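Please work through each task with the sequence and the structure at hand before reading its solution.

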Amino acid sequence: MHKKAIMLNRAISIVLLSVTLGYVVVTPFTKVEESFNLQAVHDILYHGRNLSKYDHQQFPGVVPRSFVGPLVVATLTYPLKLLLEFFGFTRLFVQYAARMVLGSLVLCGLFKFLKAIEKVFGKDTSKFCAIITVTQFHLFFYASRPLPNIFALTVVLPALASWLNRDIQQFVCLAGFGIIIFRFELVILFGICLLISLFRRELNLNNILYICIVGLIVLVATVGIDSYFWGRWLWPEGEVMWFNVVLNKSSSWGTSPWHWYFTSALPRCLLTSAIFIPWGLRSDSYRTLLLLLPATGFVCAFSFLPHKELRFIIYTIPMFNAVAACGYSNLYRRFGKSLFWKFCFLTSLGTFVINFIALTVFLAAAEFNYPGGNVMKSLHAIVPCEASVTPVNVHICNLAAQTGVSRFSETCPFWRYNKTEHIEPDTLRHDKSLTHVIIETGAISDDVWRRSHRRLADELGYNGIGIQGPSILPFPTPYVKTEPVLSIWQRNDFNT
């Protein structure tokens, strides 16, 4: 029996790791929100201490971000970079490796969280929590994406595990790291956890003193490291917090109604497993409340900010899943009691099938969400990477730059990659120094382009989800709608 349990745990671990790495392979490119951290990883790997060549010198972003996360990922990726270069792989494969490293760090945190769930709620609940999570799309899709929230998730998950295990000192250390370096708003989530610990009489004067000391050490570390990279004294997350919370300027990137997290984001993340949260709460009220209170309180607090994104509450998904897992586990324990409970449990397993169907639709849509990365891949496949009579000089439009183009995708050393912004399409067409132009489809009519260029390829982008009638299957099925969004144009007089 013990051997079977070990084999099952190993199987779950292999599945979780395979899913994490699989998302990187299927959707290897990144968007503008991930740009700073990805470019920082690249620059640390390829430029080292030559800060003048770093991307943030030219594109600093609206607010400064911390280099601590990219520094850790780049350090762990460096041996893989050497190995890939030895076998002749391009920089793009180093991007794969960096994202896999980040995904593995998140996965390590998730394993610790599941271990803590096992200790508090039991083995069945921990296993069901893993199954729920792997049949959902968003957590594993985001797990390898170089967002500040995901760097934070690498410490949030082990911090929550420490809190569930009542290891207050380790919890405080990890919480301080996450709050001060990555996402200051985590003070809400961890603050509620500390209030619960205070109510349970787990906090004392020594703990409070420890909190102050840890906070000071982490603050000094991030200020020292980030001031070196930015070339001025600063605390990046402090400036981000001031910009987003005090000045409330994040609303410039769009606003959503106060209920958006509860009516849109969480239902999409949790899918059908959400219906088991009330049953989990009923089956183990006290212990599930320990997870529900911080998670719900955090989401409620964030609902007051006008600008909302799913990634802002990504930390709460494992907490909600653990509560739902208590519901599944309760049905599993009742399985042998009567035919009614057998039916209930077997029916509940159908929710995993529904989750998986939704996951495949989300993943199919995600493949077309990064046309910039795909169009760069197409360009390198069509135009040989070699020293040519006319040196390749490609201009990359804003849409392409925001949907997958990074320094990792600039794989040909003989080419010039130009991302200069705010240039009119007609100016690009007349600029004879540009041999290739990646531009939004339809920015200028094809007839005008053909006077001086020829089209090499079009790249499709996501255009919604449609429903098609019965064909192979006897019922209507969803499909991903696409449309051409980017085009590659080459000058007629270009000679390779």
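For sorting a lining by residue class, Ala, Val, Leu, Ile, Met, Phe, Trp, Tyr, Cys and Pro count as nonpolar, Asp, Glu, Lys and Arg as charged, and the others, Gly among them, as polar. The model is predicted.

**Exercise 1.** Describe the second largest pocket by its volume, its lining and the elements that supply that lining.

*Solution.* Begin with the volume, which is about 640 Å³ for the second largest pocket. Next, take the 22 lining residues, of which Lys31, Phe141, Tyr142, Arg268 and Asn369 are the closest to the centre of this pocket. Sorting the lining of the second largest pocket by class then gives 13 nonpolar, two polar and seven charged residues. Finally, assign the lining to elements: at least two residues come from each of α6 (138-143), α12 (260-270), α16 (339-367) and β4 (453-468), and α16 has the largest share, with four residues.

**Exercise 2.** Carry out the corresponding description for the largest pocket.

*Solution.* The volume of the largest pocket is about 1300 Å³. Its lining consists of 43 residues, and those closest to the centre are Val32, Glu33, Val62, Arg65 and Trp253. Two or more lining residues come from each of α2 (35-47), α9 (186-199), α11 (236-246), α14 (285-302) and α18 (398-402), with α11 giving the most, namely six residues. By class, the lining of the largest pocket comprises 24 nonpolar, nine polar and ten charged residues.

Key
Residues are numbered from 1 along each chain as its sequence is written. This is a predicted model: local features need pLDDT of at least 70, side-chain atom pairs count only at pLDDT 80 or more; totals for chains, interfaces and linings use all residues. Side-chain values use heavy atoms; hydrogens and water are left out. On a 1 Å grid over the protein atoms alone, a cavity is a set of points where a 1.4 Å probe fits but cannot get out, and a pocket is an open set with protein on both sides within 12 Å along at least five of seven lines; lining residues have an atom within 4 Å of a point. Grid points are joined across faces, edges and corners, and a volume is the space filled by probe spheres set on the points.
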